[in-house]
Amino acid sequence: MTPAIRVKICGLTRPEDVAAVAEAGAAYCGFVFFPRSPRNLSVAAARDLAVEVPVGIAKVALVVNADDALLDEITGTVPLDMLQLHGAESPERVSEIRARYGLPVMKAVGVADAEDVAALDDYATVADQILVDAKPPKSATLPGGNGVSFDWRLISNRRWPVPWMLAGGLTPENVAEAIALTGAKQVDVSSGVEAAPGIKDAQMIRDFVAATRVPMMR
Ligand SMILES: O=C(O)c1ccccc1N[C@@H]1O[C@H](COP(=O)(O)O)[C@@H](O)[C@H]1O
């Protein structure tokens with residue numbers, strides 16, 4: 001049997017979001033530490049949510065160009081399984097964070113064209129996973145979580161030496177097509193399962209995970 005697509009629901013802010021993620025059968029949940037985001041959490045609030053996450057669901061901290069002081073505080077307080085680096089962290093910084101914290105690191109790279117796809121190679125040798133996201137629009141105030149997709153054909157035959165996750169503008173309506181076109185085995189969503197910025201919708205989470213389970217011809 002083909003293994004189920006592994007889904008990450010990012011930007012949880014409330015205990016009911018944790019319950020919805022668990023009930024829907026997602027594999028990862030994400031907590032955002034970026035003050036400009038409507039999904040931003042204090043370290044204490046993230047800890048309170050993280051301890052409610054059932055065993056078997058990986059808890060991911062999303063940070064943007066975080067310094068060691070912030071990472072020390074997050075990793076020292078919140079029980080975590082992975083760090084997601086969603087800023088302009090260099091390959092050297094990815095290696096440094098990986099060594100310092102002993103947690104798997106997933107590096108996000110924004111894609112808008114073939115040149116961006118090539119840049120992923122530099123990270124696939126230093127990160128434990130790579131996250132292929134849409135490049136934010138010029139007007140965006142966030143480096144991700146903008147509900148914007150990229151042209152999935154850019155990566156339709158691409159494989160990397162580490163596991164990778166597809167992100168950017170995914171929704172319950174388009175995720176099956178995105179999987180069929182890219183061959184992704186893992187997908188990540190934030191704004192596509194929200195009733196309003198920062199407010200997840202349990203039905204949309206269920207619909208999203210269910211849509212990843214429906215086989216689609218490539
Ligand atoms: O979700 C956020 O607020 C966020 C803030 C800063 C960096 C990344 C963020 N989210 C990540 O962006 C992608 C795509 O999100 P969307 O589904 O298009 O809304 C995803 O990996 C989120 O984890």
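Biologist: Which strand gives the most to the lining of the largest cavity?

Modeller: Rolling a probe the size of a water molecule over the atoms shows where empty space is left. A cavity is a set of points on a 1 Å grid over the protein atoms alone where a 1.4 Å probe fits but cannot get out, and lining residues have an atom within 4 Å of a point. Here, β6 gives the most to that lining, with three residues. The strands β1 (6-10), β6 (129-134) and β8 (186-189) each supply at least two lining residues; strands are DSSP runs of E of at least two residues, and helices are runs of H or I of at least four, numbered from the N terminus.

Please note that this is a predicted model, in which local features need pLDDT of at least 70 and side-chain atom pairs count only at pLDDT 80 or more, while totals for chains, interfaces and linings use all residues. Residues are numbered from 1 along each chain as its sequence is written, and side-chain values use heavy atoms, with hydrogens and water left out.

Biologist: How many residues line the largest cavity, and which lie nearest its centre?

Modeller: The lining has 30 residues, and His-86, Asp-133, Gly-144, Gly-145 and Ser-190 lie nearest the centre. About 310 Å³ of space lies within the cavity, a volume being the space filled by probe spheres set on grid points that are joined across faces, edges and corners.

Biologist: Is Leu-85 buried or exposed?

Modeller: Leu-85, in strand β4 (residues 82-85), is buried, with a relative accessible area of 0%. Buried means under 20% relative accessible area, exposed over 50%, and partly exposed in between (1.4 Å probe, protein chains only). Beyond its neighbours within four places in sequence, Leu-85 has contacts (heavy atoms within 4.5 Å) that include Val-63, Ile-97 and Val-105. The C-alpha atoms of Leu-85 and Val-105 are 7.3 Å apart, although 20 residues separate them along the chain.

Biologist: Which residues are buried in helix α2?

Modeller: An α-helix has 3.6 residues a turn, so residues three or four places apart point the same way. In α2 (residues 43-50), Val-43, Ala-46, Leu-49 and Ala-50 are buried. They lie on the same side of α2 because they cover an arc of only 125 degrees around the axis, taken from the directions from the helix axis to the C-beta atoms. The buried residues of α2 pack against α1 (15-24), β2 (28-33), β3 (58-63) and α3 (68-77).

Technical notes
On a 1 Å grid over the protein atoms alone, a cavity is a set of points where a 1.4 Å probe fits but cannot get out, and a pocket is an open set with protein on both sides within 12 Å along at least five of seven lines; lining residues have an atom within 4 Å of a point.
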